[in-house]
Amino acid sequence: MTDNSSSSYLRRLGTWDAAAIVIGGVIGGGIFRSASSVAESTSSGAQLLTLWVIGGLLTLAGVLCYAELGARRPHAGGIYIYLREAFGQLPAFLFGWCMALINYPGSVAAVATTFADYFCAAVGLPLQWVKPVAAGAIMFIVGVNFFGIRAGARMQNLFTVLKLGAIVVLVVTGLVLARGHLGLALEPDTSHPAAPWAFLGALLPVLFTYGGFHYLNDLAGEVKEPQRTLPRALGLGMAGVVVCYVLVNLAYLAGLGHAGLAASHAPAADLMRRLFGESGAKLIAVGIACSTFGYCSIAIAGGARVLQTMGADGMFFRAVGRIEPHARAPQVALAVLGGWAIVLVLSGSFNQLLNYTTVGEWLFHAFGIATLFWYRRRFANEPSPYRVPLYPVLPLVFVVTVLGVIAATTVGSPGDAGISLLLVLMGAPVYFVWRAWQGRRAV
């Protein structure tokens with residue numbers, strides 16, 4: 001348990017701060033851009049909305065499981081901690097190898113570049129400014145988080161409000177464009193038939209857009225009264241995200257139609273442009289910039305806590321495991337994660353990394369939820385401040401469905417899925433080499 005010593009974190013995050021982390025960690029840039037790729041795999045607006053509802057309910061099931069895990073082990077590190085206790089150091093290291101060293105910085109690099117794209121478009125900067133602006137944004141976020149979680153939370157709360165404002169604008173615009181024929185948005189799209197297997201495969205981009213709810217568990221060591229606050233913030237935050245996503249997709253369908261959404265590369269901008277012209281597209285560009293900036297802030301803060309926990313465990317360089325005693329922040333881990341993300345931004349090599357780790361990310365979510373069965377059996381007589389409802393149905397549904405979606409994705413895109421799994425397995429020899437090197441240093 002985190003204590004008040006100078007080498008530990010302080011619990012400074014309240015319920016609203018924690019819920020804002022859930023909302024901000026999930027809503028990044030995906031809902032403003034990737035809805036069209038989901039539409040390409042469906043043949044009607046009704047199918048599209050069904051996918052988003054299914055994905056939301058499945059993610060809610062996972063969130064409730066994470067709420068119990070977080071209440072049982074309210075420490076920084078999240079999934080890394082659960083895997084280490086339930087399955088041992090190797091699975092935990094593989095998670096850290098794939099997520100903290102590849103997926104987290106890759107996500108930050110990708111979303112920071114998206115932020116820079118929209119920021120430059122909004123203020124009229126040329127394209128050659130995109131990479132410097134993205135790198136500057138990462139440096140600024142790391143600098144703010146150097147002062148501790150309280151400073152980062154204040155920044156995050158502001159950007160959560162701004163991104164919710166952008167969503168409200170989108171939803172109202174779509175409903176205004178519908179003008180009494182909202183039902184047409186749900187009708188079959190005969191010009192865009194989709195194969196049955198594509199429907200299940202389309203759940204992966206939906207789940208990817210719903211991803212990020214685990215960041216609060218990464219920061220659990222800094223949440224006040226975590227046994228009460230974590231379940232409440234996870235549930236409220238994720239329920240709000242599901243409502244936002246369904247309403248935004250309904251707005252896309254109402255304003256663009258299913259065929260228009262499937263053909264659009266920037267549905268949010270196209271929707272705003274229909275009602276407000278180019279000024280509307282610029283307005284939503286500002287909203288997307290705020291949303292993506294807020295996501296980067298959470299991903300950097302959460303990822304740094306995983307790196308710090310690995311360093312403290314001896315699974316990474318010991319210096320990374322240090323917590324700065326005044327700010328109670330993992331400053332070395334923040335610098336390492338931010339620096340690596342900046343390298344990826346400047347090299348432009350993050351897109352494939354992100355594609356290759358999506359399958360691995362959700363595979364670790366499935367294994368993370370599976371640790372709940374171990375905790376329930378191992379600590380059967382230990383009272384838990386929160387227990388997931390409908391156990392074992394909800395964790396089983398989550399694990400089985402996610403594994404099914406991964407299998408469907410492997411069939412549809414064997415190259416990306418295979419490389420994703422290979423990247424995970426490549427961590428095994430690294431683990432054994434690292435342990436051997438650490439053993440020699442200890443002699």
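This is a predicted model: local features need pLDDT of at least 70, side-chain atom pairs count only at pLDDT 80 or more; totals for chains, interfaces and linings use all residues.
# Briefing on an all-helix chain and its aromatic cluster

Phe 115, Phe 119, Phe 140, Phe 159 and Phe 293 are linked by ring pairs into a cluster. The chain holds 18 helices and zero strands.

**Overall form**

- The chain has 443 residues, for which a compact globule would have a radius of gyration near 22 Å; the chain has 21 Å, so the value agrees with that of a compact globule.
- The C-alpha trace spans about 70 × 50 × 40 Å along the principal axes of the chain.
- Of the 443 residues in the chain, 59% are buried.

**Aromatic rings**

- A pair of aromatic rings is described by two quantities, the distance of the centres and the angle of the planes.
- The count of aromatic pairs in this model comes to 20.
- In one of these pairs, the ring centres of Phe 115 and Phe 293 are 5.3 Å apart and the planes stand at 55°, so the pair is classed as tilted.
- Because Phe 115 lies in helix H6 (residues 89–123) and Phe 293 in helix H14, this pair ties together parts that are 178 residues apart in sequence.
- Phe 115 and Phe 293 are both buried.
- For Trp 374 and Phe 379, the ring centres are 5.8 Å apart and the planes stand at 85°; the pair is therefore edge-to-face.
- Trp 374 and Phe 379 are likewise both buried.

**Charges over rings**

- The ring of Tyr 391 has the charged end of Arg 376 over it, at 3.9 Å from the ring centre.

**The largest cavity**

- Rolling a probe the size of a water molecule over the atoms shows where empty space is left.
- How many cavities of 30 Å³ or more does the count give? The count comes to one.
- The volume of the largest cavity is about 70 Å³.
- Its lining consists of Ile 21, Asn 145, Ile 149, Gly 152, Ala 153, Gln 156, Leu 219, Ser 297, Ile 298 and Ala 301.
- Helix H8 (149–178) and helix H14 (278–313) each supply at least two residues of this lining.
- Which helix gives the most to the lining? Helix H8 does, with four residues.
- By class, six of the lining residues are nonpolar and four are polar, while no charged residues take part.

- Most residues other than glycine have a negative phi, and most peptide bonds are trans.
- A cis peptide bond, with omega of about 5°, joins Tyr 391 and Pro 392.
- Pro 392 is found in the loop between helix H16 (350–378) and helix H17 (393–412).
- Leu 390 is found in the loop between H16 and H17 as well, and its phi is near 60°, a positive value in a residue other than glycine.
- Is Leu 390 buried or exposed? Leu 390 has a relative accessible area of 61%, so it is exposed.
- Glu 225 also has a positive phi, of about 40°, although it is not a glycine.
- The place of Glu 225 is the loop between helix H11 (215–218) and helix H12 (226–263).

**Two further residues**

- Thr 42 lies in the loop between helix H3 (35–40) and helix H4 (45–72).
- Thr 42 counts as buried because its relative accessibility is 0%.
- Although Thr 42 and Ala 262 are 220 residues apart along the chain, their C-alpha atoms are separated by 8.9 Å.
- Ile 419 is found in helix H18 (residues 414–442).
- With a relative accessible area of 32%, Ile 419 is partly exposed.
- Ile 419 and Ala 76 are 343 residues apart along the chain, and 29 Å separates their C-alpha atoms.

Note on methods:
Residues are numbered from 1 along each chain as its sequence is written. Side-chain values use heavy atoms; hydrogens and water are left out. On a 1 Å grid over the protein atoms alone, a cavity is a set of points where a 1.4 Å probe fits but cannot get out, and a pocket is an open set with protein on both sides within 12 Å along at least five of seven lines; lining residues have an atom within 4 Å of a point. Grid points are joined across faces, edges and corners, and a volume is the space filled by probe spheres set on the points. Ala, Val, Leu, Ile, Met, Phe, Trp, Tyr, Cys and Pro count as nonpolar, Asp, Glu, Lys and Arg as charged, and the others, Gly among them, as polar. Rings of Phe, Tyr and Trp (its six-membered ring) pair if their centres lie within 6.5 Å; planes under 30 degrees apart count as stacked, over 60 as edge-to-face and the rest as tilted. Buried means under 20% relative accessible area, exposed over 50%, partly exposed in between (1.4 Å probe, protein chains only). A charge sits over a ring if NZ of Lys or CZ of Arg is within 6 Å of the ring centre and within 35 degrees of the ring normal. The radius of gyration is taken over C-alpha atoms; the globule rule is 2.2 Å times the number of residues to the power 0.38.
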